[in-house]
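Visitor: Please take me through one part of this protein up close. I would like to look at the salt bridges, and then at what surrounds them.

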Amino acid sequence: MTTTLFAEQFNLQHELGRGSFGVVYLALDTTLRNRRVALKILHPQLSVDPATLGIFQNEAGTMAVLRHDNIVTLYTAGLWQGQRYLVMDYIDGPSL
């Protein structure tokens with residue numbers, strides 16, 4: 001399997017899903033013993049829209065403070081080579 005290194009830390013394994021805001025990948029966090037994570041990358045064309053960036057930042061901020069068994073944990077949010085992304089706990093199972 002060919003993998004792609006994203007943000008010099010995450011080996012993208014395969015796409016898990018896509019939606020109106022971006023694409024979610026299964027990735028391995030190479031700095032943390034290849035921990036499996038879900039990596040959501042915002043569509044590039046949305047990264048230049050201030051309203052969309054506000055929604056994306058709000059999503060990250062909200063996820064960062066919420067703690068519940070039914071809410072996925074946000075590990076980090078970032079910007080790499082002009083691409084905004086979220087790194088979340090990977091939950092193996094069907095898409096909601």
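Guide: Start with Glu-59. Glu-59 is partly exposed, at a relative accessible area of 24%. The cut-offs are these: buried means under 20% relative accessible area, exposed means over 50%, and partly exposed is in between, with a 1.4 Å probe and protein chains only. A word on the source: this is a predicted model, in which local features need pLDDT of at least 70, side-chain atom pairs count only at pLDDT 80 or more, and totals for chains, interfaces and linings use all residues. Residues are numbered from 1 along each chain as its sequence is written, and side-chain values use heavy atoms, with hydrogens and water left out.

Now find the partner. Glu-59 forms a salt bridge with Lys-40. The closest N and O atoms of Glu-59 and Lys-40 are 3.1 Å apart. The pair links distant parts of the chain. Glu-59 belongs to helix α1 (residues 50–65), and Lys-40 to strand β4 (residues 35–42). Lys-40 counts as buried, because its relative accessibility is 16%.

What counts as a salt bridge here? A side-chain nitrogen of Lys or Arg must lie within 4 Å of a carboxyl oxygen of Asp or Glu. Side chains of opposite charge can pair when their charged atoms come close.

A search of the whole structure finds three salt bridges. Take Asp-29 and Arg-35 next. Their side chains meet in a salt bridge at 3.9 Å, N to O. Asp-29 is buried, with a relative accessible area of 3%. Arg-35 is partly exposed, at 29%.

Then go to Glu-15 and Arg-18. Their side chains form a salt bridge at 2.8 Å, N to O. Glu-15 counts as partly exposed, at 37% relative accessibility. Arg-18 counts as exposed, at 56%.

What about the charges overall? The protein has 7 positive and 8 negative charges, and their mean positions are 3 Å apart. Lys and Arg count as positive, Asp and Glu as negative, while His and the chain ends are not counted. The place of a charge is NZ of Lys, CZ of Arg, CG of Asp or CD of Glu.

Go back to helix α1. Thr-52 lies in this helix. Thr-52 counts as buried, because its relative accessibility is 10%. Set aside its neighbours within four places in sequence, and Thr-52 is in contact with Phe-21, Leu-42 and Leu-46. Contact means heavy atoms within 4.5 Å.

Follow the chain past the helix. Thr-73 sits in the loop between α1 and β5. Thr-73 is partly exposed, with a relative accessible area of 30%. Leaving aside neighbours within four places in sequence, Thr-73 is in contact with Val-87, Met-88 and Asp-89. Thr-73 and Met-88 are 15 residues apart in sequence and 5.6 Å apart in space, C-alpha to C-alpha.

Two loop residues deserve a stop. Most residues other than glycine have a negative phi, and most peptide bonds are trans. Gln-81 has a positive phi, near 50°, and is not a glycine. Gln-81 lies in the loop between β5 (74–80) and β6 (83–89). At 65% relative accessibility, Gln-81 counts as exposed. Ala-7 is not a glycine either, yet has a positive phi of about 55°. Ala-7 is in the loop between β1 (4–6) and β2 (10–18). At 12% relative accessibility, Ala-7 counts as buried.

Now step back. Along the sequence, the pattern is β-β-β-β-α-β-β. The radius of gyration is 13 Å, close to the 12 Å that the globule rule gives for 96 residues, so the protein is as compact as a globular protein of that length. The radius is taken over C-alpha atoms, and the rule is 2.2 Å times the number of residues to the power 0.38. Helices (H or I, at least four residues) and strands (E, at least two) are DSSP runs, numbered from the N terminus.

The C-alpha atoms fill a box of roughly 35 × 30 × 25 Å, taken along the principal axes. Buried residues make up 34% of the 96 residues. Among contacts between residues at least 6 apart in sequence, 36% join residues at least 24 apart.
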